[in-house]
Amino acid sequence: MATLDHYFDRGGAVMYPLMLCLVGVFLLTFDRALALARSHGPATRLTGALASHLRQGDLAGALALCAATPGMASRIAQSILHEGLTTPERVHAAREAALLRELPVLEARVGWFGSLANLATLVGLLGSVTGLNTGFGCVGPADAASRATMLAKGIAESLTCTLAGLSIAVLALVGRMVIQRRLDARSAILRAEAAAVANLAVAYRARLRLGGARPRVEGTGYRRPT
């Protein structure tokens with residue numbers, strides 16, 4: 001802690017915006033990690049369980065399973081199965097609409113990592129320039145010892161700000177790479193499972209029932225027979 005305080009004092013006023021950039025990187029990483037955690041659900045196991053329901057024509061049971069299962073995969077599957085008694089085109093359209101609705105929630109604000117990295121680099125360079133300006137601008141009636149002290153202080157401020165800015169930029173870029181890799185993997189799983197659910201709904205469409213009888217398909221959807 002004493003070492004951090006020392007570097008913070010040596011960096012001067014520019015260290016304050018740099019610390020704000022660092023806090024922003026940590027908050028953004030936490031926000032995206034939380035979004036990933038909320039998206040997780042038994043995607044593969046859910047598709048297997050839905051397959052057993054759809055194989056038996058139990059659309060109501062499949063929808064109830066989706067409603068009772070947390071996670072993004074269940075919401076996507078539920079949107080697809082709501083169109084299970086309509087045409088295959090509407091089933092696949094529901095899949096694409098569900099993916100377009102859910103996946104941007106995962107990918108939101110990821111670009112801010114790059115913005116924070118650029119901002120930290122530029123602020124660090126600003127601190128480097130102001131530090132050198134302070135060090136080499138110490139002219140006047142001061143004696144040689146005072147000028148040497150001011151020069152050393154300016155150079156130390158310049159190097160400290162540059163180091164802090166580049167370190168925060170590297171941290172932001174590493175955070176983006178890790179988060180983006182997890183997001184890509186999760187998106188691939190969700191797309192694959194959404195396609196599997198849509199294909200199951202189309203394959204077993206002739207068997208599907210809501211309750212004891214198959215609802216009558218209409219142009220705008222389906223309803224229970226009266």
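## Starting at Ile 76

Leaving aside residues up to four places away in sequence, Ile 76 touches Ala 98, Leu 99, Glu 102, Leu 190 and Ala 194; touching, or contact, means heavy atoms within 4.5 Å. This is a predicted model, where local features need pLDDT of at least 70, side-chain atom pairs count only at pLDDT 80 or more, and totals for chains, interfaces and linings use all residues. Residues are numbered from 1 along each chain as its sequence is written, and side-chain values use heavy atoms, with hydrogens and water left out.

## The nonpolar core

Ile 76 also belongs to the largest nonpolar core, which has 48 residues. Such a core joins buried Ala, Val, Leu, Ile, Met, Phe, Trp, Tyr and Cys residues through side-chain atoms within 4.5 Å, where buried means under 20% relative accessible area (1.4 Å probe, protein chains only). Leu 18, Leu 50, Leu 54, Ile 76 and Leu 81 have the most contacts inside this core. Helix α8 gives the most to the core, with 13 residues; helices here are DSSP runs (H or I, at least four residues) numbered from the N terminus.

## How α5 meets α6

The axes of α5 and α6 come within 8 Å and cross at roughly 155 degrees. Axes are lines fitted to C-alpha atoms, for helices over the stretch in contact, and angles run from 0 to 180 degrees between N-to-C directions. The two helices α5 and α6 are therefore roughly antiparallel, a word used for angles over 145 degrees.

Met 72, Arg 75, Ile 76, Ser 79 and Ile 80 are the α5 residues that meet α6. Their partners in α6 include Val 91, Ala 94 and Arg 95.

Terms used. Buried < 20%, exposed > 50% of the residue type's maximum accessible area, 1.4 Å probe, protein only. Parallel < 35°, antiparallel > 145°, perpendicular 65-115°, else oblique.
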